[in-house]
Amino acid sequence: MKKLATIDLPRTNANAFEVLARCQTAAERAGAEQARIQTFLEDAVQGDYEHLLRVVNTHFEVSSART
């Protein structure tokens, strides 16, 4: 599956809402279809923080920001 976008995430645990917002913004800027973004968001919130990160890594190319 093609990744939605590339995102930078802080090396420390970011707030889940911040992670979701960064992902959504990056996907929209990359021109991803709204349906794919919505599918990602629905899946991402179905579990705990570790589940969120696994879903992010499935749908996005992730690099660690220096924060």
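A residue is called buried when its relative accessible area is under 20%, exposed when that value is over 50%, and partly exposed in between. H59, at 10% relative accessibility, is therefore counted as buried. The model is a predicted one, and its average pLDDT is 90.

**Confidence**

- A pLDDT of at least 70 is reached by 93% of the residues.
- Helix α2 has the highest confidence, at 97, whereas strand β2 (residues 60–65) has the lowest, with a mean of 84.
- Where pLDDT is low, predicted coordinates should not be read in detail.

**Helix α1**

- Helix α1 runs over residues 16–29, a total of 14 residues.
- From the first C-alpha to the last, α1 reaches 20 Å, which is close to the 20 Å expected at 1.5 Å a residue.
- The buried residues of α1 are V19, L20, C23, A26 and A27. These residues lie on the same side of α1, because the arc they cover around the axis is only 135 degrees.
- The exposed residues F17 and R29 are carried by the face of α1 that is turned away from its buried side.
- The N-terminal end of α1 is capped by N15, which has a side-chain oxygen 2.6 Å from the backbone nitrogen of F17.
- After α1 comes G31, with a positive phi near 85 degrees.

**Helices α2 and α3**

- In α2, the buried residues are I37, F40, L41 and A44. Their arc around the axis is only 95 degrees, so they sit on the same side of α2.
- In α3, burial applies to H51, L52, V55, V56 and H59. These buried residues line one face of the helix, because they fall within an arc of 140 degrees when seen down the axis of α3.
- D48 stands at the start of α3, where one of its side-chain oxygens comes to within 3.3 Å of the backbone nitrogen of E50.

**The nonpolar core**

- The largest nonpolar core contains 19 residues. Within this core, the residues with the most contacts are I7, V19, C23, F40, V56 and F60.
- At least two residues of this core come from each of β1 (5–10), α1, α2 (34–44) and α3.
- The greatest contribution to this core is that of α1, which gives 5 residues.

- Beyond its neighbours within four places in sequence, C23 is in contact with I7, F40, V56 and F60.
- The C-alpha atoms of C23 and D8 are 9.0 Å apart in space, while the two residues are 15 residues apart in sequence.
- V19 touches L9, A14, Y49, L52 and V56, with residues up to four places away in sequence not counted.

**Y49 and H59 in α3**

- Y49 is placed in helix α3 and is partly exposed, at a relative accessible area of 24%.
- When residues up to four places away in sequence are left out, Y49 touches N13, A14, N15, A16 and V19.
- Y49 and V19 are 30 residues apart along the sequence, and their C-alpha atoms are 10.0 Å apart in space.
- H59 belongs to helix α3, which spans residues 49–59.
- Not counting residues up to four places away in sequence, H59 touches M1, K3, L4, A5, F40 and D43.

**The start of the chain**

- M1 lies in the segment that comes before β1.
- With a relative accessible area of 70%, M1 is exposed.
- A distance of 17 Å separates the C-alpha atoms of M1 and A44, which are 43 residues apart along the chain.

Technical notes
Residues are numbered from 1 along each chain as its sequence is written. This is a predicted model: local features need pLDDT of at least 70, side-chain atom pairs count only at pLDDT 80 or more; totals for chains, interfaces and linings use all residues. Side-chain values use heavy atoms; hydrogens and water are left out. Helices (H or I, at least four residues) and strands (E, at least two) are DSSP runs, numbered from the N terminus. The expected span of a helix is 1.5 Å times one less than its number of residues. Buried means under 20% relative accessible area, exposed over 50%, partly exposed in between (1.4 Å probe, protein chains only). The arc is that of the directions from the helix axis to the C-beta atoms. A polar contact is a pair of N or O atoms within 3.5 Å; within protein, one must be able to donate a hydrogen and the other to accept it, and residues adjacent in sequence count only if both atoms are side-chain atoms. Contact means heavy atoms within 4.5 Å. A nonpolar core is a set of buried Ala, Val, Leu, Ile, Met, Phe, Trp, Tyr and Cys residues joined through side-chain atoms within 4.5 Å. pLDDT is the predictor's confidence in each residue, from 0 to 100.
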